[in-house]
Structure formats: structure tokens, C-alpha cells
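Work through these exercises with the model open beside you. Try each task before you read its solution.

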Amino acid sequence: MINGDISMTGTFFVIILFVLTAVYCLWLSCRYRWLIWPLVLAYVFRSLLLILHHFRVFSPPGADADAARFTRVAHEYTLLSWHELFLILDVSRSTFYSWLGAALQKLVGESNLILPATSFFFGHVVVAVTGVMVYQLWGKRPAIIASLIIAIYPFAAFNSVLAMREEVSIMFFMIGLYHFTRWVGGKSVLGLLWGSVFFGVAVAFHPGWIGAFVGMAAYLMFFLYRIIFKSDTTKASRLDAFKVILSSTVLVFSLAMVTFGGGVSLGKGIEIGGDDEEGGVGSAIESRFMREASGGSAYPAFIAQGNPYTQPWLIPARIIYFHFSPFPWDLRSPRHLLGVASTVLYFFLAWRIYKGWGSIKRKEECIALLLIFGALTFIFAIGVTNIGTAIRHKAKLLGIFVVLAASSFDTVRLKLRRK
């Protein structure tokens, strides 16, 4: 290996990743013809962003410093021997992402583009999985619109060109969500098990995904209650019995993940259910409203601080700010105008959920999705007091938000009138 930031083998591997992404897109386009244009747009848009970022023409806002840190730590880890590298392995720390990057570079050669190139590939998987989920739930037209949203939404694309753990964790979450919803819909016998595995991998990259287990546990409790207490168990088949046993097992596993697996993360340093938690859930939530918001895009004080128990409106207000900020009064510089794209998109998605509510409440899969979406929203929203951070975190939930909103995408009409 050549010393320094780059080697010939590392560069060659980056090229292979780009070619592999193109092959993946072509393969899926042959299987689902309607996916071709969303994937082409995703590939072109992300390639352009990656080139601009690499040559320092344009850097995605809000996460460039973290990406540089992950890249630097990965390079430092490559200087260790394999024995030393395995000695410092810690899945519970954010540096696990850098550790994987270092292990990969020790195998294929060093390059500053290896981690962004892997994110580039993962981003296209997210576009495809989201589109396929919508296709199976709502049909072809909503699937095309949903895929296009994931493909061209700027903050989703930014995750695909940075050395960040966001995109890999989103990919594993969406794959887990795909398998879980197939099990809920009765299309997969082991989908619940596969969903749990992929959710667990997502948690390894970002602890906030523990919310997926919270939502899944809530659905499984509802499912078991309905099967055991609200149905005629004397007529149950072997498949029904297997589903009850599997559901019970995964429910116990989900509760164990939340209780003993590091708890529910409410932001940096705040967890529910961790070994060091002394004040319980109540004090953990309350502590998130005690600190003054910081940063150039900090939440207003009336949202960031207060007592969530004497002022119960603070929690829903924090959730609203998480999903729909920045608002006009939050814009303080031309740089903040980019965040308006986030506001417009998420208001549009919320409106489409409202329009499609009649269809959503009739689908069992959507009930499960809503429980997971609600748990993740609560966890991320309570732990965030900065608009820039909120935009980055809510991009993690874009896939599940789009799947729910796609319930009414078939009524979206774009009319072009000739003069």
C-alpha cells in the first residue's frame, strides 16, 4: 500500500464501486422498468454532488466537519495492525463506522473517496427499496413519485456523498422495514426475523434507530393481543401458532434491546434505559428542555427551553419544529434558504398523509409503519434543538414518511398548459 491519503488499489476500488452502483441500477431497472428514471436521476445528481464536493466547489451544509472527522479517524486506524484494530473494536461508539472504513481500506487500499463511494452505493439502494415498498403497497404511479422524491431531495442526496454513517444506517433500516411490512402483510413467514436483524444492524451504526424496536414492540403487543384474546384460538392453524411464537420471541428481543442494549438515545449523552440512567424516562426527557439551544440555526428559546410537564405543548411543538422547520422567522442568512426545500417537502408529505388517511388506516402494514414512525419521531425530535441538525436527522425518516404519504400520490396531477 502506498503511504498517504490515496493508493492505486484504493482508487481502483472506488471506480469499482461506481461501476457496481451503475450495474445495480441497471439490474433493478430491468426488473422494475418504472425505476429507471428515478435511479438515473439519483445517479447523475449524486455523481455531480460528489464531484463538486471532492474538488471543494460545493460542500453539503451541516455535516462536512463530521465527515472529515470520520475520514481522519479511519485513516488513523489503518496505521494499526490487524490485531490492534480488533482490540479497539466497539460497536457502541460512533467510531465503529470509521473502524469499518479502516478495515475496508486495509483490504483494498487507501483513498479519501472510499467511504463516500460506499455511501453513494447505499443511497441508490435506499431509492430502490423505498420505491419497491411503495409499489407493493400503493401501485406503480405512487412508486415512481416516491422514488423521484428520494432521488432528488437535496438532503437525502447529501448523505450519499459524504463519509457519514447516515446512509448506511438508513439503508439497513429501510431493508428491515421492507421485510417487516411483508411479514405484517402476510407475504413473508420470516420477514419479522429479518426485519429485526436489519434493524439491529442499523442500531449498530446509529443508536437512534432503537426507535424501530420500540415501534415494532408496540405493534407486536397489539398483534398478540388481537390474536390471543380477540380471535377464536381453537381454529388456529400451525402457521398461526408459528406466528405467535415468532412474534413473542421478537417482542422479548425488542424489549431487551431497548432495556439492556444501551437504551433509547435522545441525543448526545442522553439515553433512556442505559446502565447509567438514574432519573428514569421522565428526567431524561425533562433534561432535553433545560439546555440553551446553540448554533447559527438554533431553535427559538420558547421551543428549546421550558418544563414539558407544566407546559405539555412543548413536546408536540418540538416535534412540529423537527419535521417542518425552518419557518420564515427562522431564516437568518442566505444559507438557511436551502432549508426551505425541507420545509416545503415535509409539509407536502404531511398533506398527502392527511389526504390518504382513509387508505392508510385500512392497511395493517401502515398501522405498523405509523407506530415505528411515531417512535422514531419522538426519539429524534426530543433530542434536537438545532434546525440544521433536525434537517439531517429527519432525512433518516424520509423513506418511511414517503411510504405513508404515497397513499394519495395517485391523485397528484401535474398539468402543463400550452399557451
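**Exercise 1. Two packed helices**

At what angle do helix 15 and helix 18 pack, and how far apart are their axes?

Solution. Keep in mind that this is a predicted model.

Step 1. Two packed helices are described by the angle between their axes and the distance between the axes.

Step 2. Find the two partners: helix 15 covers residues 314–324, and helix 18 covers residues 364–382. Their angle is about 95 degrees, and the axes are 9 Å apart.

Step 3. Classify the angle. Angles of 65 to 115 degrees count as roughly perpendicular. Helix 15 is therefore roughly perpendicular to helix 18.

Step 4. List the residues that meet. Helix 15 brings I315, R318, I319, F322 and H323. Helix 18 answers with F373, T377, F378, F380, A381 and I382.

Step 5. Sort the residues of this contact by type. Eight are nonpolar, two are polar and one is charged.

**Exercise 2. A histidine in helix 15**

Is H323 buried or exposed? Name its contacts too.

Solution. 

Step 1. Check the accessibility. The relative accessible area of H323 is 6%. The cut-off for buried is under 20%, so H323 is buried.

Step 2. Look for contacts, skipping residues up to four places away in sequence. H323 then touches Y346, F373, T377, K394, L397 and F401. F373 and T377 belong to the helix 18 side of the packing in Exercise 1.

Step 3. Compare sequence and space for one of these contacts. H323 and K394 are 71 residues apart along the chain. Their C-alpha atoms are separated by 6.6 Å.

**Exercise 3. Two serines**

Which residues do S147 and S196 contact, beyond their neighbours within four places in sequence?

Solution. 

Step 1. Start with S147, which lies in helix 7, residues 140–152. Its relative accessibility is 0%, so S147 counts as buried.

Step 2. Name the contacts of S147. They are W34, L35, P38, V127 and G131.

Step 3. S147 and A42 are 105 residues apart in sequence, and their C-alpha atoms are 9.1 Å apart in space.

Step 4. Turn to S196. Its place is in helix 10, residues 191–205. With a relative accessible area of 4%, S196 is buried.

Step 5. Name the contacts of S196. They are F213, M216, V250 and F253.

**Exercise 4. Cavities**

How many cavities of 30 Å³ or more does the structure hold?

Solution. 

Step 1. Count: there are three cavities of 30 Å³ or more.

Step 2. Take the largest cavity, with a volume of about 90 Å³. Its lining has 14 residues, and V126, I150, A156, I170 and A395 are the closest to its centre.

Step 3. Find the elements behind this lining. Those that give two or more residues are helix 6 (114–138), helix 8 (154–159), helix 9 (166–184) and helix 20 (398–405). Helix 6 gives the most, with three residues.

Step 4. Sort the lining of the largest cavity. Seven residues are nonpolar, four are polar and three are charged.

Step 5. Move to the second largest cavity, of about 70 Å³. Its lining is M133, Q136, L137, Y178, T181, R182, K187 and E365. Helix 6 and helix 9 each give two or more of these residues. By type, three are nonpolar, two polar and three charged.

**Exercise 5. Helix 20**

Why is helix 20 described as largely enclosed by the rest of the structure?

Solution. 

Step 1. List the buried residues of helix 20: L398, G399, I400, F401, V402, V403, L404 and A405.

Step 2. Draw the conclusion. Eight of the eight residues are buried, so helix 20 is largely enclosed by the rest of the structure.

**Exercise 6. A pocket**

Which element gives the most to the lining of the second largest pocket?

Solution. 

Step 1. Note the space in this pocket: about 460 Å³. Of its 18 lining residues, H53, H54, R56, T71 and N112 are the closest to the centre.

Step 2. Find the elements that give two or more residues. They are helix 2 (36–54) and helix 3 (64–78).

Step 3. Pick the main contributor. Helix 3 gives the most, with six residues.

Step 4. Sort the lining of this pocket: eight nonpolar, six polar and four charged residues.

Terms used. Residues numbered from 1 in each chain as written. Predicted model: local features only at pLDDT ≥ 70, side-chain atom pairs only at ≥ 80, totals over all residues. Heavy atoms only, no water. 1 Å grid on protein atoms, 1.4 Å probe; cavity = no way out; pocket = protein on both sides within 12 Å on 5 of 7 lines; lining within 4 Å. Points joined across faces, edges and corners; volume = space filled by probe spheres on them. Helix = DSSP H or I, 4+ residues; strand = E, 2+ residues; numbered from the N terminus. Nonpolar A, V, L, I, M, F, W, Y, C, P; charged D, E, K, R; others polar. Axes fitted to C-alpha atoms, helices over the stretch in contact; angles between N-to-C directions. Parallel < 35°, antiparallel > 145°, perpendicular 65-115°, else oblique. Contact = heavy atoms within 4.5 Å. Buried < 20%, exposed > 50% of the residue type's maximum accessible area, 1.4 Å probe, protein only.
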